[in-house]
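We will go stop by stop, picking a few residues each time.

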Amino acid sequence: MKLFIAAIALLIFGLAPLPAQKIEKIGIPGLEKILASSEDQLYVVNFWATWCPPCVTELPYFEKLSKEYQGKGVKFILVSLDFPSQIDSKLIPFLKKNKITADVRLMTNLDYNSWIDKVDPGWQGNLPATLFFNNAEKTKYFHPSEVDEKELRDLITKYKQ
Amino acid sequence: MKKYLFISVAALMMTGLLNAQSQYKAGDIASDFNLKNVKGEPVSLTDIKDADGFIVAFWCNTCPVVKKYDQRLQELHAKYAPKGYPVVAINANDPAVSPGDSYDRMKETAAKLNYKFEYLFDETQETARKYGATNTPHIYILSWKDGRLVVDYVGAIDNNADDATAADKKYAEDALNSILKGQAVAVAGTKAVGCSIKWKKS
């Protein structure tokens, strides 16, 4: 009987589709926590949305480099500005289809003007945008537009110093 | 006299530089323009009758954030055009970069959504650059004062793109209501999150 239950459990959990992409929902406190990260490593925080074509173009570079730099002092966080009403219809299918395994967080506070300046006062609200920082080294660079793979690699190399 | 002339010239040059680089903000004087509407007619703000000002909206056919705000822009026009502030929407996206934003597709969009406001094509992108528009949607509320167009508000329509009923800061409406009462606009600038304007590749 125990074996039977175990077999059923194995069937249910073992055959379940690939583990669903974990999406942590964040608000302003969650964003502030990211921005205040004090670990001595380079944080690469990309702001994007599935509805933003240049974001979708550059996302694979972030995914690729997040794997390359795993455990090498670079932490990638992909903050999605997708609409909370479209998580199941747009965001999750997109992440599955594109096999995105990087750390994706969903910003659920849509009152953009209450937090956009915390990321960078110069940010006009255009997507994509990427923040590079290492609070331990007091380095910070805000990139208010898209990057290609080489640019991203170069920026990481530059600010990882 | 020479000194004043110098200062004026320097001030003019600085204004020119600022205009070239940054976006209009409240208090600035906005330029009029002459752009083709979806009926093929050239439209300037000075030609629009019975207007004390305008809700100029940098807009397009394709951006999902614009689509979210479509109904709200139409409601703004329905509510404020009779009070002297019609909507004037402008698409500045380069169709070579964003084919869905071609002039023909603008005509289709305006017909399909039954736009009651002017929908203009900024083919050269000169107007978007002058205004410093970065995204769609991006709203500029202007008022005629002594024959000049003064900027009263720049930014987002409200603070919830996803759900109009959840928006608890209606920036554009609040600004318009203040203007209509002759009061100062409390929040004259916000940042508008949306799709980047698709600039021509140089």
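Leaving aside its neighbours within four places in sequence, which residues is A:Val45 in contact with? Select A:Val45 and then A:Ile34, A:Ile77, A:Val79, A:Thr130 and A:Leu131: these are its contacts, a contact meaning that the two C-beta atoms, placed from the backbone, lie within 7 Å.

Before moving on, note that this is a predicted model, in which local features need pLDDT of at least 70 and side-chain atom pairs count only at pLDDT 80 or more, while totals for chains, interfaces and linings use all residues. Residues are numbered from 1 along each chain as its sequence is written, and chains are lettered from A and ligands numbered from 1 in the order in which they are written.

Stay with A:Val45. Is it buried or exposed? A:Val45 is buried, because 22 other C-beta atoms lie within 10 Å; the cut-offs are 20 or more for buried, 12 or fewer for exposed, and partly exposed in between, with C-beta atoms placed from the backbone.

Next, select strand β2 (residues 42-48) of chain A, where A:Val45 is found. Helices (H or I, at least four residues) and strands (E, at least two) are DSSP runs, numbered from the N terminus. Now widen the view to the open sheet of six strands in chain A, ordered β1-β4-β3-β2-β5-β6 with mixed pairing; two strands pair if DSSP finds at least two bridges between them. At the edges stand β1 (23-26) and β6 (139-143) of chain A, each with a single partner strand, so one side of each has no neighbour in the sheet.

Zoom in on β1(A) and β4 (residues 104-107) of chain A, which pair in the parallel sense over four bridges. Pick A:Ile26 and you will find its bridge partner in β4(A), A:Met107.

Now go to helix α4 (residues 87-97) of chain A. Its buried residues are A:Leu91, A:Phe94 and A:Leu95. They line one face of α4(A), because they fall within an arc of 95° seen down its axis, the arc being that of the directions from the helix axis to the C-beta atoms. These buried residues pack against β3 (74-80) and β4 of chain A.

Finally, show both chains: 16 residues of chain A are in contact with 16 residues of chain B.
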